[in-house]
Each structure stands twice: as structure tokens, then as C-alpha cells.
Amino acid sequence: MYEFLGRKKITIPISFEDFQNNVEKYLIQYIDNAASQHRKNVEEIELLHKEFLGQQQILYSKKRYDMSEINNIVVENHLFKQVNFKVGFMYGNPIEYTITNDKLVNEDDMLYLNKYLNDVSKASLDIEKAQDLYEFGIAYQRVIPKRKKIEDIYNEAPFELVNMPIKDTFMVYSNDIPSEKLFACVISSKYDEITKTTKKVYQVFLPKRKIDIIDKKIVKNIKQPYYDIPIKEFCLNRDRVGIMEIVIFLQNFINKIDSSEMDGIEESINAFIVLFNQKTDEDFITKFKELKKEKVIVLNTGNPNTPADMKILSSKVEQESSQSFYQRIIKAMYDIVSVPQASGNVTSGGDTGQARILGNGWESAHNQAQVDQNYLTKYERELIRDIIWICKNTKDCPINKISASDIAIKFNINMSDNLYVKSESLKMLNDIGMPEKQALNIVGITKDVDGLGQAWKENKDKIKMQELELEEAKQNSKQTNTNQGNNNNQE
């Protein structure tokens, strides 16, 4: 039985300043140590992924006693459902990026940034990243300047964004108090034509350069067009723990209960047949089996005082107590990871409207999602900062004035799709003078906050201008009539 305590943060005993002063020396000295720590994390990652796919402990367990040949194995995979719920709940709707101020110079920059993120399919990449986050507690993405020629800078992102394989990627930190990032590493393989063997390559990513190490020797040291470590490590929480390992023991209990119940049911079905006062021989047994297949059994009574009889000998399964225990385990398992159960829409008769939506674990799911969101936002901002830096350093790129601090990052978690409620809320915010984009962002009625907000503002300005022109025309008409009246009186 493995004890999962989150993925270990990989550190080496060197300060950030000392490392920067002699990078190559300390890489050669500590790369094997860092890789060894990573391998321990990979072992747990592989085991957790097997659990996620249903290859769970019950498949390898044996009974303490063997009363029969019956040994059912049932896997009721709640881990799979819980991870997928978290992924959909947090990242099912794409993350929204909006400006936090009313600087008109940032309007076009924001529109182009969203266009670029759509071009690299960031929403799809985030879903894959979330799968790693909720399974293992960590995930990795890499952003670098585009290596191919950019044909249309106004429609084509000047950067590449990819998810990195979690079993081959790791981040190394200093073990001093700030625990600053030192470098990222990706493990790959290279075939050596001279020795005819495959060798392990440590690709080390540093600010402004990349170093390849084979057999504790630096074989490449290349300058790179990025100012920071291009690989970003995302952590779900401080302990770097996914949701599965918190409830994996309860999952094992559920599988044992299901398997034991199936054993009981099969033992009940395959019960012993007991014959009373009936002479049997091989011919009788053969005929009895044939009659049993035909669902007919004939017994002869030789002595009225001892009539022939047949009974079924079986053990009853106590369903009520086992079901009660099963429900307790299920509820505890879902409550611990803040996932509503499948029957969460069934509530008491007195609950109506939003109370039904927020009941049965949905409120807990929403509260935990807010915690996850606030923790993950800092990593998203680091990624956006690098993306904006690449854009500003790309020739003719229209993004040149916006900063990462100008951007609000919103995880589009939505508890209700009630359009009427949203529309009424939007009308109320508009009536009190809330700016268009802020109102749309609060209500969550659209994913294109910038585009729709700008169109809404322009339409309001147009209507206001038309009203002013109409009012001015009325005033002019009234003044004309008054002047004509005065002229008539003078005449």
C-alpha cells in the first residue's frame, strides 16, 4: 500500500545568487540529484494514473479465507468521475481575460491578445493541463517565441504554447527561504551513432538560454529569445497534492463492499440443494440435473412417515446494513473533495430555485473552486506576462502598450445558466451606471466581454446621439414656429 503525500518540491542546496554566478558548475553537480527526486514523483504519478483508469488495489487483493471458489472483483471508479467533474467545473468554460482599467490605448491590445490565445487553442490546452492538476497536483506549460515565419501578425500568434509531459518535466528550486526557481528540465533520449546506444538528455531551460547535458557533460549551450524560464509549473495547492490521493482509501473501501456484495449474491444464487428422505444414486443425480434444467423436480415418497422433501441451503446477504455503510463512505468521499453527487439535483420539497442548485454539495464545490481559482491565478499571470513580453518584442505586433497588471484573469465558474436572472442583474447594474465591461464580467452572460462590451458601449453612445439630435430637431422646430408666430404678430 502506497502512501501518497503530494508531489515533492524538487530543491537543491544552493542559493539563487550562487547558482547564477556559476550555472554550469552547479548544473553538473546537482542534475542527477534533482532527477532522482523527480523519479520518485514519477513513480507516484504512474500509480495514481493507473488508479484513475480503474486499475485499483481490489484487482490485486486476496481474501483472508476461502470458503468457496467465488471471488468477484468489482471496481466502482469514483476517482475518474471526481477528477472529470473538477476539470469541467473549473475549465469547462474558457478562462476570460479582460482589462482592469478604462485605458483606451489598451482596448485593441486586449482584443488581439484574446485572438492570439484562441489561435494557440489555449482553452483546449487548459483542459489537458487541468487533468494533470487534479490527478497529480502539478502540471506544466511552455511558452516560447514562434519558431516558424509569421505570415500574418494580426491573426497569427507570435508565440507557441504547449503542455509538457508531466513524467519528463520538472522544475528545480533553491532550498533557501525564498525558494526561488533555478531552472526547468525536460528529459529526452538521443541515439549515439558512435556507441550505438540511446542516452538520456537533460534539456535545461534557463532565462535567455538552454543547456543540454549528457553523461554529466554539457554538450550544448545555446542562447534563446526569452527572458524568463519558458516552462511554467502550475500547482493545485501548497502541498502539490491532487484530489485522488486524498480519498483513495475510501475508494478501496467502496470496491471491497461491492465485491463482497457480489460474492453474497452469487452464493445465494448458487445455493446448495438438500434432499430429505430420498434415495439417490448416480442415475438419480443425472436425471435430477436434467429436470433442474427444465425447471421441474420430481420426488418420490416411499414411507409416508418420512416424506421426501427438498430445501435450499443458502446464506442471506444483509443488504440494509451494508448499504448504509456504503452510503456513508460515498458521502464522505464526495464531501472531502467538494464534488456534488450524481443525485445532487434531488432535494427536499421545500427547496426552490437557486437553493436547489446550491444544495447537495454544489455550494461546497463552488467555494472550493474559488480557492483553487485564487491559487492558480498567480501562475496564469506569470504565463500571460511572458506572452505579452514575446508580443512586445515581435516586429509589427499590435500588442505593445498593455501590461500583465492591466489584465483581470477570471475562471468562468458558473453556478446557473438562468438567462432571465442574468438579464435582470445586467439591467440593474446598467441602471446604476456600472461600466459595460464590468457589468458583463460580473454577470457572466458572455465569454466575449471585451467585444460585446465595446459594441454595447458604442450602441449606447449611438442611441444617446440620436436622442440628442432628435431633441435638438424638436427645439429647432419649436423655435422656428415661435419665430413665425412673432413675425405674423408684427405684420
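User: Which residues in H5 are buried?

Analyst: This is a predicted model, so the labels rest on computed values. In H5 the buried residues are Lys122, Leu125, Asp126, Lys129, Ala130, Asp132, Leu133, Tyr134, Glu135 and Phe136.

User: How do you know that the span of helix H5 agrees with 1.5 Å a residue?

Analyst: Helix H5 covers residues 122–136, which is 15 residues. The expected span is 1.5 Å times one less than the number of residues. That gives 21 Å for H5, and its end C-alpha atoms are 21 Å apart, so the two agree.

User: Which residues in H5 and H10 meet?

Analyst: H5 brings Lys122, Asp126, Lys129, Leu133 and Tyr134. H10 brings Asp372, Leu376, Glu380 and Leu383. By class, this contact has four nonpolar, five charged and no polar residues.

User: Why is H3 called roughly perpendicular to H10?

Analyst: Helix H3 is residues 78–91. Its axis and that of H10 cross at roughly 65 degrees and come within 11 Å. The roughly perpendicular class covers 65 to 115 degrees, so H3 gets that label against H10. The crossing of H3 and H10 is right-handed.

User: Which residues of H3 and H10 make the contact?

Analyst: On the H3 side they are Phe85, Lys86, Phe89, Met90 and Tyr91. On the H10 side they are Trp362, Ala365, His366, Gln368, Ala369, Asp372, Gln373 and Leu376. By class, the contact of H3 with H10 has eight nonpolar, three polar and two charged residues.

User: Why does glutamate 51 count as buried?

Analyst: Buried means under 20% relative accessible area. Glutamate 51 has 12% relative accessibility, so it counts as buried. Glutamate 51 lies in helix H2, residues 23–52.

User: What does glutamate 51 touch, not counting residues up to four places away in sequence?

Analyst: Glutamate 51 touches Gln56, Gln57, Asn77, Leu79 and Ile248. Glutamate 51 and isoleucine 248 are 197 residues apart in sequence. In space, their C-alpha atoms are 8.4 Å apart.

User: What makes methionine 171 count as buried?

Analyst: The cut-off for buried is under 20%. Methionine 171 has 1% relative accessibility, so it counts as buried. Methionine 171 is found in strand S5, residues 169–174. Leaving aside neighbours within four places in sequence, methionine 171 is in contact with Ile10, Tyr140, Lys181, Phe183, Ala184, Ile229, Ile231 and Glu233.

User: Why is serine 121 called partly exposed?

Analyst: Buried is under 20%, exposed is over 50%, and partly exposed is in between. Serine 121 has 38% relative accessibility, so it counts as partly exposed. Serine 121 is found in the loop between H4 and H5.

User: What is the phi of serine 121?

Analyst: Serine 121 has a positive phi of about 60 degrees, although it is not a glycine. Most residues other than glycine have a negative phi. Aspartate 215 is not a glycine either, and has a positive phi of about 55 degrees. Aspartate 215 sits in the loop between strand S8 (209–214) and strand S9 (217–223).

User: How many residues does H4 have, and which of them are buried?

Analyst: H4 has 13 residues. From its first C-alpha to its last it reaches 19 Å, close to the 18 Å expected at 1.5 Å a residue. Its buried residues are Glu107, Asp109, Met110, Leu113, Tyr116 and Leu117.

User: How many helices and strands does the chain have?

Analyst: The chain has 13 helices and 13 strands. Buried residues make up 40% of its 491 residues.

Terms used: Residues numbered from 1 in each chain as written. Predicted model: local features only at pLDDT ≥ 70, side-chain atom pairs only at ≥ 80, totals over all residues. Heavy atoms only, no water. Helix = DSSP H or I, 4+ residues; strand = E, 2+ residues; numbered from the N terminus. Buried < 20%, exposed > 50% of the residue type's maximum accessible area, 1.4 Å probe, protein only. Contact = heavy atoms within 4.5 Å. Nonpolar A, V, L, I, M, F, W, Y, C, P; charged D, E, K, R; others polar. Axes fitted to C-alpha atoms, helices over the stretch in contact; angles between N-to-C directions. Parallel < 35°, antiparallel > 145°, perpendicular 65-115°, else oblique. Left-handed = near helix turned anticlockwise from the far one by under 90°.
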